[in-house]
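Open the model in your viewer and keep the selection tool at hand.

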Amino acid sequence: MNIVVLVKQVPDSGGDRRLTADGTTDRSGGNVLNEMDEYAVEEALRLQAAHGGTVTLLTMGPETAVEALRKALAMGPDAAVHVIDDALPGSCAVATSKVLAAALRTLDADLVIAGAESTDGRVQVMPHMLAERLGIAALTGARKVTVDGSALTIERQTDGGYEVVTAATPAVVSVWDTINDPRYPSFKGIMAAKKKPVRRLSLADLGIAPGEVGVAGASSEVLAHDRRPARSAGATVADEGAGGVRLVEYLTAEKFV
Amino acid sequence: MAEVLVVAEASAAAGVKKVTLEMLTAARTIGSPSVVVFGDEPFADKLGEHGAERVYLAGAADIDDFLVAPKATVLADLIRRVRPAAVLLASTQEGKEIAGRLAVKLDSGLLTDAVAVAPDGTATQAVFAGQVIVTARVRRGVPLITLRPNSLTPSPAPATPVVEPLAVAVTDADRLARVTERVVERKGARPELTEASIVVSGGRGVGSADSFALVEELADLLGGAVGASRAAVDSGFYPHQFQVGQTGKTVSPQLYVALGISGAIQHRAGMQTSKTIVAVNKDPEAPIFELADFGVVGDLFKVVPQAADEIRKRA
Ligand SMILES: Cc1cc2nc3c(=O)[nH]c(=O)nc-3n(C[C@H](O)[C@H](O)[C@H](O)COP(=O)(O)OP(=O)(O)OC[C@H]3O[C@@H](n4cnc5c(N)ncnc54)[C@H](O)[C@@H]3O)c2cc1C
Ligand SMILES: Nc1ncnc2c1ncn2[C@@H]1O[C@H](COP(=O)(O)O)[C@@H](O)[C@H]1O
């Protein structure tokens with residue numbers, strides 16, 4: 001089974017994230033591999049261990065995104081594909097899905113695994129957008145994945161419990177962080193990752209015109225953006241035996257009780 | 001006035017969810033609201049109370065057995081026919097997924113996690129965990145906007161909606177991902193986390209799954225939902241679907257109560273737009289106090305039971 005894992009480099013959510021003057025994500029600060037995508041890589045490696053085949057990473061992003069690829073490669077995948085082009089920065093989700101779908105068409109995957117969401121956009125749309133473009137099934141939010149020949153089954157968490165969803169491959173699956181515990185790359189893995197092939201694809205390679213992507217081709221635009229003033233601390237009281245009563249007095253004054 | 005489509009969050013079991021009424025309230029500022037309901041019950045009275053002029057009823061067993069693909073197909077057909085000024089969906093996993101498929105089908109712009117929508121269809125979004133507020137507009141196609149629950153107060157505006165059944169033409173491509181089983185693990189009388197106007201959350205400080213009864217008790221006394229930090233979820237104290245934060249739910253209630261939660265940035269990501277924040281933590285240096293409107297420095301095992309007794313006394 002050939003698996004492609006979608007990985008994305010995102011600004012570190014522990015840092016001070018900003019938009020640039022033109023309203024696109026500022027990617028000049030500390031960047032990390034989108035945490036949810038580590039779970040996607042781990043799941044792919046587990047399926048590979050059980051069923052054989054290859055695991056290939058796919059990302060679309062700037063030059064620095066190769067760091068995220070190397071980090072994920074250190075966990076064990078075989079190879080990576082990096083879609084990179086001067087016209088891509090500022091692409092909206094619709095354009096990103098066009099590019100990733102075009103790249104996926106060249107990769108012949110039985111299974112595409114994505115993270116359930118990226119921590120920068122948090123849009124949770126990519127798996128369904130790709131499935132829509134490729135005409136294949138999307139099974140999102142998996143907490144468990146099983147493969148039996150061409151039959152794919154996932155358990156997806158819902159608010160009140162879970163659902164079991166089945167489809168035939170090829171399909172796109174997205175995973176939550178409840179699905180597994182991603183392995184830490186070994187020293188050997190990190191060294192090996194440096195030598196693994198990372199193939200670069202341009203828009204021309206994918207037959208996509210520059211005007212369809214980036215800021216120029218974006219289907220939406222940011223008109224204004226502003227940092228929200230930080231919340232200020234209110235009153236704190238130390239519990240000297242009546243902390244619970246103080247709390248309820250506050251809640252009563254605010255009309256919650 | 002141009003039609004505005006609202007994709008209802010409603011079901012026979014849960015009725016019309018509050019976010020649907022919030023979307024109707026927002027839609028009325030843009031144009032004449034129509035609601036699309038998937039299912040057999042049009043909820044015409046409830047939707048009419050909040051200004052729905054029309055209810056499109058898409059009922060077919062075929063829709064429920066699959067994930068969002070059939071719904072997106074039905075909506076895309078309707079959108080091509082009525083050419084609405086905008087389409088509003090809830091910023092839930094399903095709402096966003098449907099919106100994503102629609103954006104591809106219609107080559108339309110998509111704005112997720114809106115907290116406000118202006119009459120001209122521009123949206124205000126809270127991004128990067130609410131640190132940055134963005135005003136954005138769609139440049140192409142039908143504006144597809146997902147509204148975050150609890151972003152505005154629904155206001156009534158009585159209307160008598162026309163109910164129009166929709167012909168549902170689901171394609172084979174929509175039937176690829178089949179739901180074969182639905183398992184209910186918990187149900188209860190508590191409000192849903194993202195819709196609740198009060199959320200009481202517990203963190204690692206709660207110490208055990210059993211002690212979460214304390215968090216539940218306070219939530220029930222306040223009529224709120226229960227949430228949990230990731231540390232509490234990872235420690236097995238409470239199920240993942242109740243996790244608040246960057247990799248969990250985003251909540252924006254009137255009141256958020258954090259019990260034994262340190263207030264890590266990834267936790268704040270899911271709750272810092274709450275109107276009022278209250279915290280109980282034994283560490284006076286805990287970062288949660290930096291954003292709490294009211295904090296009690298103390299042991300939650302003393303403070304919370306006392307607070308519960310006090311609420312019962314006042315009731
Ligand atoms: C990529 C990424 C995503 C993440 N996503 C999320 C997310 O979605 N949600 C989330 O919550 N976290 C998330 N985290 C984890 C986050 O960084 C913190 O580790 C987590 O929020 C800590 O949970 P906590 O506050 O319950 O635990 P701790 O940080 O351990 O804090 C426990 C607190 O309880 C207090 N306490 C202990 N005992 C008592 C007592 N008896 N009475 C009163 N107070 C007491 C302590 O003083 C302490 O402040 C994420 C992390 C990463 C890296
Ligand atoms: N530019 C990208 N390159 C590769 N994968 C991506 C990209 N954007 C999104 N994804 C994948 O889609 C998932 C969901 O992202 P999103 O829809 O942006 O929340 C991520 O976890 C990634 O697996």
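The tour starts at the interface and then moves into one chain.

The model is predicted: local features need pLDDT of at least 70, side-chain atom pairs count only at pLDDT 80 or more, and totals for chains, interfaces and linings use all residues. Residues are numbered from 1 along each chain as its sequence is written, chains are lettered from A and ligands numbered from 1 in the order in which they are written, and side-chain values use heavy atoms, with hydrogens and water left out.

**Stop 1: the interface**

Select chain A and chain B. Here 84 residues of chain A are in contact with 84 residues of chain B (contact means heavy atoms within 4.5 Å). About 7,300 Å² is buried between the two chains, and carbon and sulfur atoms give 53% of that area. Buried area is the accessible area (1.4 Å probe) that two parts lose on being put together, summed over both. Now pick Arg122(A), Arg231(A) and Phe256(A): in chain A these lose the most area to chain B, together 10% of what that side buries.

**Stop 2**

Which residue of chain A forms a salt bridge with Arg182(B)? Select Glu163(A); the closest N and O atoms of the two residues are 3.0 Å apart. A salt bridge is a side-chain nitrogen of Lys or Arg within 4 Å of a carboxyl oxygen of Asp or Glu, and eight are found across the interface of chain A and chain B. Next, colour helix α7 (residues 243–253) of chain A, which supplies 10 residues, the largest share of the side of chain A that touches chain B. Helices are DSSP runs (H or I, at least four residues), strands likewise (E, at least two), numbered from the N terminus.

**Stop 3: an aromatic cluster**

Select Phe212(B), Phe237(B), Tyr238(B) and Phe242(B), which ring pairs link into a cluster. Rings of Phe, Tyr and Trp (its six-membered ring) pair if their centres lie within 6.5 Å; planes under 30 degrees apart count as stacked, over 60 as edge-to-face and the rest as tilted. The count over all chains is four aromatic pairs. Phe212(B) and Tyr238(B) are stacked, because their ring centres are 4.6 Å apart and their planes at 20 degrees. Both residues are buried (under 20% relative accessible area; exposed is over 50%, partly exposed in between; 1.4 Å probe, protein chains only).

**Stop 4: Ser211(B)**

Ser211(B) sits in the loop between β13 (198–202) and α6 of chain B. At 19% relative accessibility, Ser211(B) counts as buried. Leaving aside neighbours within four places in sequence, Ser211(B) is in contact with Val206(B) and Phe301(B).
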